[in-house]
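Visitor: I have a structure open and I'd like to learn how to read it. Could you take me through a few features?

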Amino acid sequence: MEVNILGIESSCDDTSAAVVSDGALLSNVIASQAVHSAYGGVVPELASRAHQQNIIPVVDQAIKKAGLTTNDISAVAFTRGPGLLGSLIVGVSFAKGFALASGIPLIEVNHLQGHVLSEFVHEKGQEKEMPQFPFLTLLVSGGHTQIIKVKDYFDMEIIGNTIDDAAGEAFDKCAKVMGLGYPGGPVIDKHAHLGNHDAYKFAKPNIPGLNFSFSGLKTSFLYTLRDKMAGDANYIDTHLDDLCASLQYTIISILIEKLDKAVKQTGIRTITIGGGVAANSELRDTLTQTAKKKGWRVFIPERKYTTDNAAMIAGAGYYKYLRGEFATMDIAPDARLKF
Ligand code: KG4
Ligand code: ZN
């Protein structure tokens, strides 16, 4: 009989459910929350309310799309953290209720480990080459910017981390000051294609080791805008593409330079990327070109598995199921969960 894992993801502002059968993805349903766009960032209270509205229809659709019924589910994997507590509570409570009602085990998944393992997500019937351990993952999202040494599925070590803002936050905060709405990354990515990345020089941080910093860049971007707008109130509108191209180029250069340093330090030349910013076209292109030049093996997940999704949670849950690693019913969400 197949092992069918239902995955639940609700750590931030996407409600998602997925079904993985014997390791292969059958369905992945995501309800994104448009409500935050007007605020330039995720409003936690609104996020948890929207999760409550979305979770039952999203799970229902995921099971139906998989061609299964609730009776076919072998275990429920859920995101325990890190994330917004109010959002996590909705997913964790739902997972517990589902497991209890069906008499099946619960599996906790660390959201960040889910992102790292997103490269292993494959659809049923899809032939896919998987990265070999050990590898390095550049995990870049709205909340995290890390370089992780991945020795095995759940044996990971963070070797580089941001000391202030995350890369996604840099995209989002700069987009907000340009009036581009939330999330800013995809909009900046689109405009950057049309602009000149040498038009502006923004401050690049000088942080030792493998750590990152993005707050100085944000300030440098803000000061540039302030100075330019003092003489021309429409400056952003008329220079948007160049601003986006230069900003994006700076963020991506910072990421690639640190990754290069990490490869040199660890001797590990197999690289994967994950997290929302891994959807960025310039990061994907630059990484592919750099890999060719330097002889790295890179694995870039499909865009739909880079931003928050339950496929990566169900996939990680499947590996835990095989190891017999189950959670007990008294498990609680942990907004600052570490691994
Ligand atoms: O992984 P994710 O969906 O949620 C978190 O766990 O944070 O990442 C969301 C982040 C946001 O900051 C968003 O602006 C960024 O990913 N993002 C992008 C792109 N698509 C999403 N950043 C740059 N370029 C993109 N194409
Ligand atoms: Zn995420």
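Predicted model: local features only at pLDDT ≥ 70, side-chain atom pairs only at ≥ 80, totals over all residues.

Visitor: Let's start with the metal. Which protein atoms are the donors of the zinc ion (ligand 2)?
Guide: Look for side-chain atoms close to the metal. Here they are NE2 of His111, NE2 of His115 and an OD of Asp308, at 2.1 to 2.2 Å from the zinc ion (ligand 2). Along the chain these donors have the spacing H-x3-H-x192-D.

Visitor: Where do histidine 111 and aspartate 308 sit in the chain?
Guide: In distant parts of it: histidine 111 belongs to helix α3 (residues 111-116), while aspartate 308 is in the loop between β10 (297-299) and α9 (311-323).

Visitor: Why is the arrangement around the zinc ion (ligand 2) irregular?
Guide: The general idea is to compare angles with an ideal, which for four tetrahedral donors is 109.5 degrees. In this site the four donor atoms subtend angles of 91 to 149 degrees, so the arrangement counts as irregular. To be called tetrahedral, all angles would have to lie between 85 and 135 degrees.

Visitor: Now helix packing. How do helices α1 and α2 cross?
Guide: With a helix pair, read the distance, the angle and the hand. The axes of α1 (residues 44-65) and α2 (residues 85-102) come within 9 Å, crossing at roughly 35 degrees. The crossing is right-handed. On the α1 side, the contact includes Ile55, Ile56 and Val59, and on the α2 side Val90, Gly91 and Phe94 are among the residues involved. Sorted by class, it has eight nonpolar and six polar residues, with no charged ones.

Visitor: What does the pair α7 and α8 look like?
Guide: Helix α7 (residues 235-266) packs on helix α8 (residues 281-294) at an angle of about 35 degrees, and their axes are 10 Å apart. This crossing is right-handed too. Among the α7 residues in the contact are Ile252, Leu255, Asp260 and Lys264, which meet α8 residues including Glu282, Leu283, Leu287 and Lys294. Here the classes come out as seven nonpolar, three polar and four charged.

Visitor: Can we zoom in on one residue? What is isoleucine 55 in contact with?
Guide: Isoleucine 55 is in helix α1. Leaving aside neighbours within four places in sequence, its contacts are Ile8, Thr15, Val90, Gly91 and Phe94. With a relative accessible area of 6%, isoleucine 55 is buried. Serine 10 is 45 residues away from isoleucine 55 in sequence, yet their C-alpha atoms are 8.6 Å apart.

Visitor: Last topic, the backbone. Which peptide bonds are cis?
Guide: Most peptide bonds are trans, and most residues other than glycine have a negative phi. Two cis bonds to look at are phenylalanine 133 to proline 134 and tyrosine 182 to proline 183. Omega is near -5 degrees for the bond into proline 134, and also near -5 degrees for the one into proline 183. Proline 134 is in the loop between α3 and β6 (135-140), and proline 183 is in the loop between α4 (167-177) and α5 (184-192).

Visitor: What phi does aspartate 22 have?
Guide: A positive one, about 50 degrees, although aspartate 22 is not a glycine. You'll find aspartate 22 in the loop between β2 (14-21) and β3 (24-32), partly exposed at a relative accessible area of 41%.

Definitions and conventions:
Residues numbered from 1 in each chain as written. Chains lettered and ligands numbered in written order. Heavy atoms only, no water. Axes fitted to C-alpha atoms, helices over the stretch in contact; angles between N-to-C directions. Helix = DSSP H or I, 4+ residues; strand = E, 2+ residues; numbered from the N terminus. Left-handed = near helix turned anticlockwise from the far one by under 90°. Contact = heavy atoms within 4.5 Å. Nonpolar A, V, L, I, M, F, W, Y, C, P; charged D, E, K, R; others polar. Donors = N, O, S within 2.8 Å, 3.2 Å for Na, K, Ca; no water. Tetrahedral: all angles 85-135°; square planar, octahedral: opposite > 155°, others 65-115°. Buried < 20%, exposed > 50% of the residue type's maximum accessible area, 1.4 Å probe, protein only.
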